[in-house]
Amino acid sequence: MMDPTEVPARLQEIIFAFPDNTRQERTWNRTFGRLLAGIPGQKGLRFEPEPHGALPMTSFRTTASAFPSIRLLTDVPIEAVTGKLLISSRSEPIESPGTLEAKGELEESETAASKETLPIEALYSRLQGHLAAIDHTGVNLPVQSIEPSKWEGLIRSLAAVTNLYRYPGEAWPFIIPATEAEFYQDITNFTPVRIPKFEWVFDAYTALPLFQFALVTDLSRQELEEAFPAPYGFAIPGLDSIFRSVRVDSPWKDGLEIRIDLYYRRSEGDPTDWETGKWLITDGGRIPPLSSL
């Protein structure tokens, strides 16, 4: 249990900020914005977390900076740099505080996709009308570009301002949306679905930082495998029964990978222990500030 008089302000919002300077960037942003706009629960590409009154929210904005970034809306100083990617609680670098534009006609991107990535327009056309929710978003930080001490410092700083939980057996801690009372005491109600979560990955398998967006679809495993075959579509070992992943091309591919994880159509009935966060909370456990990871 935390003492409210000794705890800093909670993390209010996680912002994915995308540059909007060139035609290629504007085209990518507009298409990605249209994709997200088809998901229920968003207001101008700001996703209010569930359950009602929980934090943090997740949003998508454009910026005049040169490279994508992640901004954390909290008064606590938090900063990490890996490659070209900045993760920061400082707000001043967002020079153009607009949301991604989801309107207007789509244009063909001038960005040529590699053999292993899918153009954003193709992703949009195959998923249009098939998205139900954002399960979680996240970022993978390559182990060779961020020192273990800086990773641990980042996680401890986050644990001070939000409900952060270990993923059993892996360096993949998750932020789970929580109410103010749950922030100070912990989550014990496992009835509501808790989305969108946020995953932090200390990644030994990627050379570049990676944005991940886990989207819930109304498509079956077979339908997603047919829509997104290799080489750009693939299954993560051990998770192949849950979702299919897609590597997506972008104007920033030289410094950032983007992966879309597409959850198969979920069966009717009570929410799973993953959807409610129960598995992470009870099996992983909350990470308190200044604890061992």
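Me: What should I know about the model and numbering first?
Reply: It is predicted: local features need pLDDT of at least 70, side-chain atom pairs count only at pLDDT 80 or more, and totals for chains, interfaces and linings use all residues. Residues are numbered from 1 along each chain as its sequence is written, and side-chain values use heavy atoms, with hydrogens and water left out.

Me: How many aromatic pairs are there?
Reply: A search of the whole structure gives 25. Rings of Phe, Tyr and Trp (its six-membered ring) pair if their centres lie within 6.5 Å; planes under 30 degrees apart are stacked, over 60 edge-to-face, the rest tilted.

Me: Why is Phe-16 with Phe-198 called tilted?
Reply: The ring centres are 6.0 Å apart and the planes are at 35°, so the pair is tilted. Phe-16 is in strand E1 (residues 13–19) and Phe-198 in strand E11 (residues 197–203), 182 residues apart. Helices (H or I, at least four residues) and strands (E, at least two) are DSSP runs, numbered from the N terminus.

Me: Are those two buried or exposed?
Reply: Both Phe-16 and Phe-198 are buried. Buried means under 20% relative accessible area, exposed over 50%, partly exposed in between (1.4 Å probe, protein chains only).

Me: What about Trp-28 and Phe-32?
Reply: They form a tilted pair, 4.9 Å centre to centre, with 35° between the planes. Both are buried. They sit four residues apart in helix H1 (residues 23–37), so about one helical turn separates them.

Me: Which cluster do these rings join?
Reply: Ring pairs link a cluster that includes Phe-16, Trp-28, Phe-32, Phe-198 and Trp-252.

Me: New topic. What is the volume of the largest pocket?
Reply: About 960 Å³. On a 1 Å grid over the protein atoms alone, a pocket is an open set of points where a 1.4 Å probe fits, with protein on both sides within 12 Å along at least five of seven lines; lining residues have an atom within 4 Å of a point. Volume is the space filled by probe spheres set on the points, which are joined across faces, edges and corners.

Me: Which residues lie nearest its centre?
Reply: Asn-140, Asp-203, Phe-234, Ile-236 and Arg-259, out of 40 lining residues. Strand E15 (257–263) gives the most to the lining, with five residues.

Me: And the second largest pocket, how much space is there?
Reply: About 480 Å³. It is lined by 22 residues, with Val-216, Arg-265, Arg-266, Ser-267 and Glu-275 closest to its centre.
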